[in-house]
Amino acid sequence: MEQNKELILEIKDIHKSYNGKAVLKGISFNVFKGETKVIIGPSGMGKSTLLRCINQLTVPDKGSVWLKGQEITHRDAKNINKLRQKIGFVFQDFNLFDHLTAVGNVEIALIKVKGMKKQEARNKAIFELKKVGLEKQASLYPAELSGGQKQRVSIARAFAMEPEIMLFDEPTSALDPELIGEVLSVMKELANEGVTMIVVSHEMGFAQTVADEILFLDGGKLLEAGPPEKIFCEPKYKRTKKFLSTLNELYGNVEGNKR
Amino acid sequence: MMIITGIVYEALPFLLQGAVTTISLVVSALFFGFIIGLPLAIGQVYGCLWVKKIINIYVWFFRGLPVLVLLFLFYYGLFSITGLNISAFLSAVLVLGLRSAAYQSQIFRGSIQSISEGQLMAASALGMNKLKAVWNIILPQALRLSIPGWSNEYPAMLTESSITYAIGVTEVLTRGSFIASRTYQPMPIYLTCAVIFLFLSYLGLKMLHILEIKFKIPGFE
């Protein structure tokens, strides 16, 4: 990648096993400022685990993660909370705080974690909701929002913390097909603004238009990585080809979608 | 008939004073039980192994003994042996409160555990420490879910409170039996006591219902 760009995230040799079954077998890659990396791969192959190892929601068995030269791994609880503020995380099933309104969801961490004044936090929260097109829904509770709206609130909630990097864990997998578009377009906007992000997703159209690099994770290892044209048109490995053709059968021809 | 109404009419102020004692006892004991019970529940869910063990023993002890045994143990036993000059009323508040804490802790534990793990995970991902996350995210949800189950505690405590008659707390029943034995008219007097209890029960449940509506938000019906 462009080496003159600022290095945001370094992932070095991450290993993780559950009950003796190795899920991640040594994953390493770097993310530079403004980059969008999309991780694809068969399910159950550790994509979500990898993402959670980055912000230590899952503690890796071996390896290290560095954010702007600061090690995130091997930290005590107090320090890890400080570092997590700089890493936005968007969950597959939204995990909005169900007892808070949309605006309450966005402002709570600003108040309780960043120590912002209530009014200041409210203004910032409304600003972030506007950005995802939900200022009209600010006073609604999660139970009153559609899945797509919930996910947009959760993006606003993570982004309001002004993170160095945003992590998206299959942000559209829990959504009805007609709601996927609104979430993807918010993500595209962020990518175009130069927000650094790692996205675990099978939305090939999205990957193709915004990804700087696609990482194919299989069998606990990064099998191959490269720009979308390369991965989609001339994958090196049979496994990659097979996986992509399965996706093609599901979602239509990836190359055919190419603009 | 005239005599009976006369007796009830005369006894009523005396019995209503007892109602004030009963309601103060019930509210104090429930409040005390809440103050102790909620931390017990939090400890039982999030505490380390030995904290959980101690709380389990506490809950087992206070749920395992009859109220009367507990009252006697504390009032005639513990408090008199240690020379603490604790009134019957205060002893009753302490014993009923500690016992209620054991029951309340299980109501709260249930609702805390019913909150999805993702809530805590999302709070952590935003950089919230565990204490803040439990206080700001878990408890506001869990307490809302607790209200219906907790509403059982009130009538249970109200009816149970009459047993403090045994250590001489001057609540409704104590006063009722005093008058009954003096006038030889147990039926009208105890009926009046029953009406007072039913009225207190109705009043309390009504207030809990208002509380439930006040804290109702979409998704927590």
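Which residues does E10(A) touch, not counting residues up to four places away in sequence?

Analyst: The model is predicted. E10(A) touches F29(A), N30(A), S64(A), V65(A) and W66(A), leaving aside residues up to four places away in sequence. E10(A) itself is part of strand β1 of chain A, which covers residues 7-18. Its relative accessible area is 17%. Buried means under 20%, so E10(A) counts as buried.

Now to the aromatic rings. Over all chains, a search of the whole structure finds nine aromatic pairs. One of them joins Y58(B) and F62(B), with ring centres 4.6 Å apart and planes at 40°. Stacked needs planes under 30 degrees apart and edge-to-face needs over 60, so this pair is tilted. Both residues belong to helix α2 of chain B, residues 49-64. They are four residues apart, about one turn of the helix. Y58(B) is buried at 19% relative accessible area. F62(B) is buried too, with a relative accessibility of 6%.

A second pair in chain B is formed by Y75(B) and Y76(B). Here the centres are 5.0 Å apart and the planes make 65°, an edge-to-face arrangement. Y75(B) is partly exposed at 22% relative accessibility. Y76(B) is partly exposed as well, at 45%.

Ring pairs also build a cluster, which links Y58(B), F61(B), F62(B) and F74(B).

Charges meet rings in chain B too. R63(B) places its charged end over the ring of Y103(B), 5.9 Å from the ring centre. R175(B) lies over the face of F14(B), and the distance to that ring centre is 4.7 Å.

Last, a helix pair. Helix α4 (residues 88-114) and helix α6 (residues 130-150), both of chain B, have axes that come within 8 Å. The axes cross at roughly 130°. On the α4(B) side, the contact residues are Q104(B), I107(B), F108(B), S111(B), I112(B) and S114(B). On the α6(B) side, they meet residues including I138(B), L139(B), A142(B), L143(B) and W150(B).

Note on methods
Residues are numbered from 1 along each chain as its sequence is written. Chains are lettered from A and ligands numbered from 1 in the order in which they are written. This is a predicted model: local features need pLDDT of at least 70, side-chain atom pairs count only at pLDDT 80 or more; totals for chains, interfaces and linings use all residues. Side-chain values use heavy atoms; hydrogens and water are left out. Rings of Phe, Tyr and Trp (its six-membered ring) pair if their centres lie within 6.5 Å; planes under 30 degrees apart count as stacked, over 60 as edge-to-face and the rest as tilted. Helices (H or I, at least four residues) and strands (E, at least two) are DSSP runs, numbered from the N terminus. Buried means under 20% relative accessible area, exposed over 50%, partly exposed in between (1.4 Å probe, protein chains only). A charge sits over a ring if NZ of Lys or CZ of Arg is within 6 Å of the ring centre and within 35 degrees of the ring normal. Axes are lines fitted to C-alpha atoms, for helices over the stretch in contact, and angles run from 0 to 180 degrees between N-to-C directions. Contact means heavy atoms within 4.5 Å.
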